[in-house]
Amino acid sequence: MAWFLGLGIAGVVLLGLSLLFDGVLEGLFDGVDALDGLFEGWLSLPVIAGFLSMLGFSGAIAMGATGLGAVGATAIGVPAGAATGWLAYRLSRALLNDRSGAAPRGDDLIGAAGSVVTSIPAGGYGEVLVYRSGQPVKLAAKSPMPVSRGAEVWVEESLSQTAVSVRPVER
């Protein structure tokens, strides 16, 4: 049973290392043409980690609960590990191929409300805080008229990825 528990723990450690050092193993074999693309699919670290941990833990459970020997526990652990490896492969492919969330563009800020963080001189730059995709973003801001700190503004135009043109909100 100690071997199976060791395999299970090794799989969990390998999964942790794959999350911590994402892409390091794949980078070690970049120059080897025979291994090109090998670690991107079935032999990726999450797949191997899922297989090892499920093989080990299900084998240990089978030995402890049913009293099967090592051969019987392996016969139960290998299919369970293969199923977990397959599931890890499918989930990682689904996450990598997900295109549902388009990245926000600068034009998405037009019409957004914000507040002035650093006062804006006439024709000069200051700073505003606006919300982009629910997250606060501090941007350089330009206005044709002076705008004091704390004033509420509307974004009229996106000048660049980090600068906008604003006008004060009139109430």
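In this predicted model, strands β3 and β5 run parallel and are joined by three bridges. Within that pairing, Ala140 stands opposite Ala163 in β5. Strand β5 also pairs with β4, here in the antiparallel sense and over five bridges. Glu157 stands opposite Ser165 of β5. The two strands β4 and β5 form a hairpin, with four residues between them.

Strand β5 covers residues 163-168, and five of its six residues are buried, so the strand is largely enclosed by the rest of the structure.

**The barrel**

These pairings belong to a closed barrel of five strands, in the order β1-β2-β3-β5-β4, with mixed pairing. From one strand to the next, the twist averages 55°. Strand β1 (residues 113-118) and strand β2 (residues 125-132) run antiparallel and are joined by four bridges; Val116 stands opposite Val128 in β2. The strand pairs described here are listed below.

| Strand pair | Direction | Bridges | Residues standing opposite |
|---|---|---|---|
| β1 and β2 | antiparallel | four | Val116 and Val128 |
| β3 and β5 | parallel | three | Ala140 and Ala163 |
| β4 and β5 | antiparallel | five | Glu157 and Ser165 |

**Ser143**

Ser143 lies in the loop between β3 (135-142) and β4 (152-158). Is this residue buried or exposed? Ser143 has a relative accessibility of 2%, and because buried means under 20%, Ser143 counts as buried.

The side chain of Ser143 has polar partners on the backbone. One is the backbone oxygen of Met145, which the side chain reaches at 3.0 Å. Another is the backbone oxygen of Val166, which lies 3.4 Å from a polar atom of the Ser143 side chain. Leaving aside neighbours within four places in sequence, Ser143 is in contact with Ile120, Pro121, Ala122, Gly123, Gly124, Val166 and Pro168.

**Helices α1 and α3**

Helix α1 (residues 2-20) and helix α3 (residues 45-66) have axes that come within 7 Å and cross at roughly 155°. Angles over 145 degrees count as roughly antiparallel, and α1 and α3 are therefore roughly antiparallel to each other. The crossing of α1 past α3 is left-handed. On the α1 side, the residues making the contact include Phe4, Leu5, Leu7, Gly8, Ile9 and Gly11. On the α3 side they include Leu45, Pro46, Ile48, Ala49, Leu52 and Gly56.

Notes. Residues numbered from 1 in each chain as written. Predicted model: local features only at pLDDT ≥ 70, side-chain atom pairs only at ≥ 80, totals over all residues. Heavy atoms only, no water. Buried < 20%, exposed > 50% of the residue type's maximum accessible area, 1.4 Å probe, protein only. Polar contact = N/O pair within 3.5 Å; in protein donor to acceptor, adjacent residues only side chain to side chain. Contact = heavy atoms within 4.5 Å. Pairing = 2+ DSSP bridges. Axes fitted to C-alpha atoms, helices over the stretch in contact; angles between N-to-C directions. Parallel < 35°, antiparallel > 145°, perpendicular 65-115°, else oblique. Left-handed = near helix turned anticlockwise from the far one by under 90°.
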